[in-house]
Structures are given as structure tokens and as C-alpha cells.
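Here is a short briefing for a reader meeting this structure for the first time. Please look over the sequence and the model, then read on.

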Amino acid sequence: MHSWAVRRLARRWWNLLAVLQVAAGVAAITAIGSTVLPVLWQGDDGPQILTVRYERELNEPGIGKVISIEPIFRYEDLELLKSELPGVVAAAEAPESAYQVEVEVEGRRYIVQRVARVGPDYLKLLGVSPVEGSFFSDDDFRQAAADPSGTVKSVVISQELARVLFGNEPATGKTITLPTRAGKTELAGAASSFAHGSVQVIGVVEMPPVRDRYAFFEVYADLLFPSPRAVGGSGTTAAGTGTFYVRAKTGDIEKVRREIIATLTPLIRQREAEEPVPGGGVGAQPLQPPQPPRPSQPPPGEIRVETPQAWAVEAATTGGLYLGSMAMIALIVSGIALFTVTLVNLAEQRHSIGLRRALGASRGSILRETVGEAIVLAGTGGVLGVALSEPVGRFLLQTLLWTARSPLASSSPWRLSAYFDLRAAALGLLLALVVGVVAVLYPGWESSRLQPVEAFRDGR
Amino acid sequence: MGEPLTQTPATPAAMAEQEKETPLISLRGITKIYYTTKTPVPALNGIDLDIQPGEFVSVMGPSGSGKSTLLHILGALDVPTRGEYLLEGVRVTGLPDRELSRIRNRHFGFVFQSYNLFPELTALENVEVPMIYAGVRATERRRRAERLLERFGLSHRMTHRPAELSGGEQQRVAIARALANGPTLLLADEPTGNLPTAHGEEIMSILQELNDEGMTLVVVTHDWRIASYGKRLVELKDGQVVGDRPIAPEERRLRPGIGDQLDRRP
Ligand SMILES: Nc1ncnc2c1ncn2[C@@H]1O[C@H](COP(=O)(O)OP(=O)(O)OP(=O)(O)O)[C@@H](O)[C@H]1O
Ligand SMILES: [Mg+2]
């Protein structure tokens, strides 16, 4: 590819349009790929986390089959797993969370993405430990249990939030205020029962890297309160959710999975049998004659133990397919633009191509030149797109977080730059080149068919 | 750079024989019919023509008589509908594209009425283009292009674009480009058609000088004063050769000044 060809391209402004379109497509592919592909390609490096869930397939009249996730597990089940199964390091229910909670520090207001009431196993579950101060003590949990309406005045925060709220100063001992203005920041349900007024930071935790957050999708939070429900092991009430999390010892996660199912299934079957029959008072009594099963009698449920990774991979696959196909459409449109622009160039260059043919260019070298030009256009667009994907992605992310008034919005941009993946960039560039080559097949063939006399037609 | 297409004869005697008998160009029954319109247009109708090395052939004829068509076929820019074209005894008709391109590149130089330079390239780069397709190395290309432009008095115009050059200068660049690969035959179609008289005269004396050095030339024109620079006149009418005679030196002396604008274009 001779630099003269670049000069030829630069003379025609519409080539820039094709370059920009390819850049947009590649930027989209790279940005989406950068968020999706690392999850898909992570393999077994992720945290050894399992979600345990009880699912039942119900036949709802008029609707059809419905998967229902029911709260059937009890705290004692979690304790049982921890004591019986050596492969289980920690077990905890998903914390009760509130989103986008407003807080105030020294007169300035912030929005915290996620606030949660967590149990004693929380840090063990995440596999982290405090970097400053300490986590909640047993006393804190007992106090929370004694007064669930929220008089607990101690909180633990993430290092990220600490940085946003207090900069480089130690956060321990600092005061955070949760305003009580009605209607404004109070969120429905759980949020309203969180502590109000001033609370004190007793510890700072470095949360798992961004990369691993998907595994803690429901678990991760920036501002933590002690859960009133999680008084170590003695609770017998049903957990608030049908799902809980287990951290497995590094090693055979598949074995732990099977053991959990084997341990919990008999307990679940027993509870299903004790269940009140829908619409009919008390459940099955051993002394009464067995009642014929009604059509609405729920079938036995199933315990599903999965790695959140599987879930994340599924989410990334669906999301990636959806967003990725939109990005592909952008890239295909850029291919059409490239096709059009190459045809326009060809029409403009009939004379020039004829002249080159007259001066000794073979059909092959004209074809190479046309294809080369398209590759230069696609490649330039590709490189531009890759270069733009990261800053543009970061800008969009910052804007999104800023609009959501998230504390992350003001955190270091390096933190957010996690969303750039070299492999995704390579993929974007490769796709751009493929699109470029495909777009030029027909114009290239046409150009190589031009005869040398073309240079001297029309009285030239 | 025009390598002979023929096998080198074994003995000097055979070589001499061949030189005498093999014309540079030999056309037999060349017919060209354009099928681009609804009714086929016959442009050439059975042309027989031999051109010896070193000749300066002027081709004349009324507009539409097929002069340009003939030149395009001679330069392998176009293929005849029928007939046979031999270059140094080798059949050109029916050669594959790669071969034809190579022949155009090494054996022919083209000079046209509207110069046909690449507007985005400098004078120097324009002259380099044929050498690129001949695979000449960059430094050698540059050196040769500079020499050629110097020869035609363009040393101070080498990095100028065509738009920054006068018509005469552009045509001189075109001639330099036509000579880049040392062709065996120079083909010119109305080379002075777009030029004011003085510049036209300059171009013709360059062509004459080249012929004096041994270059074979075919110049198409309908202007007798241009044609009379040649040594042989081929006249076309309705796609047929209607006259083929030498141009006597005294005819050349008789030629009026090129400056006579009145009947430059009949
Ligand atoms: N591409 C083409 N398609 C159809 N007809 C053509 C084509 N090129 C030339 N012709 C016709 O062929 C005939 C010869 O054309 P040619 O250009 O060779 O004439 P010419 O002698 O060079 O004329 P002029 O002196 O006007 O340049 C003309 O009748 C012309 O209309
Ligand atoms: Mg003509």
C-alpha cells in the first residue's frame, strides 16, 4: 500500500464519513466487548461463590408454568452447612439492601449506591477483611436484634466510599448522617427501617475488585449496617429470601455443590410435607386420612445450587448478544457506508484507474489497490474506534453515575477504566477489517474490470 | 527497459535477417466495432499496417475516422474485434491481462491531448508511477524521474502538482512519464491539441529530438503542420487506410508556422 493512495483518499472528504462510521461501530463493539468478554473468558479464576435457591414450578391457572422462588430455608440450615460440610467456608443470606440512599457528611450530600444490613458472615462470604477499624462485633448484632427499628449507630463502609466521603483521612470515628426528610430519600420497604440520624464509622473494608463484583451482585454494598435477624445460629424464623450464598473452599466447587443439595433436600421435602394445603387450613396431619391431591397442590420444589458466575455468564451472554448485535448492526451499517464510499471513489477514479492501467497496472494490482484503500479506511476507523471506546465509555459511565449522583462518579477515573479489554479491542479491529474486506469485494471486482481506454473516454 | 519479446536469434546473421524482416509492429486485418450503443459502430475496418523501428509515423484523417481507436489498439489499451497484432513478431491479441499490462508498462509510452497526469501527485511522483508497476526500487525511481524532468527543463518544477503547472509543462511531465521505463514505442494522440502555439512547437521539437535519438513514434493529429514533423503519413478515412506515403524533407520545410491559428482545427 503506497502512501500516495492515502493522499488520494484524503482528497475525498466522504471517506472521512466512512472512517467515522467504522470508528463508531468499533467503539461500540470494543466498549461492549470490554464489559462482557472478561466475564465470559474469566474461566475458573472467579471467586468460589455458590448461590443456593429453592425453586418450584407452579401451574398458575390462566398463566401457565411459573417458576416460583420461595423462602423455605432457615438460619439453622446455613449453620448446618457450615458445621457439616468442610468445603463450606461461609454461608449467608443475601443482605437486605436499599439503593441510592442519600447521606450527609459535614454538610455535603452524597448518594450511596447501595446500603445493606449484613450478617456476621458477610466479610467471610466476600473473602475480604477490614483495612481500617473493625467489622461489627457480636454485641452490635445483638443490639440490632434487640431493637430492629434501627437504633444501631455503627456502620462499616467500603474503601471506595471512604475515599469519596473523607478523602485520604482515616474514616474510622467519622460521622455520617442519614437524613430523615420524608418523601425525598426514603425508599420503600427496607430502606425506611434503616437507622436514621447520625451514625459512626467503625471500620473500612476493601471490597472485591470490580472484576469480581458480578459474583456478589446482590451482596455487594458500600454502607453496611448489622442485620437484626442474624443473631448467630439461634434464629429459627424463615429467612427473608429464597436465596442464600455459600463461599466454598478453593478446590472442588462441584463436589460442594452436590453435597449442599444432598444435605438440604431431605429437610426441604419434610417442610414441603408440613406445608399448609393451599386454601385449606392446616397442612397434612399424619393421623388424618390422606386427602386427594387438589389440582392446585404445588409440586415438590428443587434446590438449585449455581455459581453466580454461571448466572453472570448467562447475563453477559444475553446482554452481550443483545448489545453486541446492536453494535454489529452499527458495524454492518458502517460496512454499507464503506461500500457506498468505495463505489463513489470508484466512479470518481474511473479515469485515474484507466490511466494506471495504461501505465502498466494489471487487473490484480488495481484490485489490490482498491482493497488496500478500503482496508486503510476500515483500519483507520478501527484504530480510531478502539482509541475512542475507552474515553467515550468512561465519559458515558461517569455521566451515568453522575446523573445517578453516585459516589463513584467522583472516584478516580482509573477505577472506571477497568472497562477496556485488549481482546475486545482486537476483536473490534478484526471485525472492522472483515467488514472492510467484505464491503470492497464488489467495488474491487468492478474496479479491476475497468479497461485502460477508460482513461481516454469522454474526450479526455 | 523494453526487453525483446522474441527469442534471441542464434547467429549474428540470423539476427540481421530478423531485424530486417520483423517490423516493430505489424497489424493485419484489424477491425474494431464498438458495441456500446444500440447499433454497432465500426471504427476500424481491416487495417493492415507495418511500423519499422525508428519510424516517425503521423496518422491523419477526419474526425471520427478511427485515429484514436487505432492508437488505442496499437498501445494495447483496447482489443480489436478481429485481426492480428504482432509486436516484434509476437502475437499481442489474446494475451492474458498480466502480459498486456507488462507490455504497456515496458514497451509503450503514451502522450495525450489532455496530459492525463495524476492531480494529487507531484511532477516527480507522476513520472515515478510507471516505474512502480515495473518494480523499480524507490531510490532508483527517484533518480530516473529527476533525470527525465531535468532533461525537459523542469528541474524547478519537480515538487509541483499538475494544477500548478502550465499546459506545456504538464505535457513535458507527461512525456517524461511516457519515457520512464525506456519504451520501444511512443504513442501520441493530439499531443499539442490543448496547447498554445509556442508550447505546441516546443512539444513537437521534443518529439522530433526523441525520434532523432532512435525512438519510434506514432502521432495522431488532424493538423498538417503537426503531421509534417513525421517521416511517414498514414491517412485514415471511415476506419480504413486510404493513404500511406513518406513525407519528403522539402514538405517539412514548406510547413507553415504552427502559430497559424486559423485552420488548426478543421
Ligand atoms: N467507446 C465508444 N463507443 C462507441 N463508439 C465509439 C467509441 N469510441 C469511438 N467510437 C466511434 O468510433 C469512431 C472512431 O472514433 P475515434 O475516436 O477513433 O475517431 P478519431 O479519428 O480519433 O476522431 P477525432 O479526430 O474526433 O478524435 C467514431 O465514429 C466514434 O464515434
Ligand atoms: Mg481522436
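F56(B) stands opposite L217(B), a residue of strand β8(B). This is a predicted model: local features need pLDDT of at least 70, side-chain atom pairs count only at pLDDT 80 or more, and totals for chains, interfaces and linings use all residues. Residues are numbered from 1 along each chain as its sequence is written, chains are lettered from A and ligands numbered from 1 in the order in which they are written, and side-chain values use heavy atoms, with hydrogens and water left out.

- Strands β3 (residues 56-60) and β8 (residues 216-220) of chain B pair in the parallel sense, over 4 bridges.
- Two strands count as paired if DSSP finds at least two bridges between them. Strands (E, at least two residues) and helices (H or I, at least four) are DSSP runs, numbered from the N terminus.
- The whole sheet is open and has 6 strands, in the order β6-β7-β8-β3-β9-β10 (chain B). Its pairing is mixed.
- At the edges are β6 (108-112) and β10 (240-246) of chain B, and each pairs on one side only.
- Neighbouring strands here are turned by 15 degrees against each other on average, direction ignored. Axes are lines fitted to C-alpha atoms, for helices over the stretch in contact, and angles run from 0 to 180 degrees between N-to-C directions.
- β3(B) is also joined to strand β9 (residues 232-237) of chain B by 4 bridges, and these two run parallel. M60(B) stands opposite E235(B) in β9(B).
- β9(B) and β10(B) pair in the antiparallel sense, over 6 bridges. V234(B) stands opposite D244(B) in β10(B).
- The hairpin of β9(B) and β10(B) has 2 residues between the strands. In this hairpin, D238(B) takes a positive phi near 50 degrees.

**The four-strand sheet of chain B**

- A sheet of 4 strands is open too, with the order β2-β1-β4-β5 (chain B) and antiparallel pairing.
- β2 and β5 (90-91) of chain B each have a single partner strand, so one side of each is left without a neighbour in the sheet.
- Strand β1 (residues 25-34) of chain B runs antiparallel to β2(B), and 7 bridges join them. The bridge partner of I33(B) in β2(B) is P42(B).

**Ligand 1**

- Ligand 1 lies between chains A and B.
- An N or O atom in the side chain of T69(B) is 2.5 Å from an oxygen atom of ligand 1. For K67(B), a polar side-chain atom lies 2.7 Å from an oxygen atom of the ligand. A polar backbone atom of S65(B) is 3.3 Å from a ligand oxygen atom.
- Taken alone, ligand 1 exposes 630 Å², and the protein buries 68% of that. Accessible areas come from the Shrake-Rupley method with a 1.4 Å probe.

**Helix α6 of chain A**

- 6 of the 8 residues of helix α6 (residues 159-166) of chain A are buried, so the helix is largely enclosed by the rest of the structure. Buried means under 20% relative accessible area (1.4 Å probe, protein chains only).
- The buried residues are E160(A), L161(A), A162(A), V164(A), L165(A) and F166(A).
- Just after α6(A), G167(A) takes a positive phi of about 65 degrees.

Notes. Buried < 20%, exposed > 50% of the residue type's maximum accessible area, 1.4 Å probe, protein only. Near = heavy atom within 4 Å. Polar contact = N/O pair within 3.5 Å; in protein donor to acceptor, adjacent residues only side chain to side chain.
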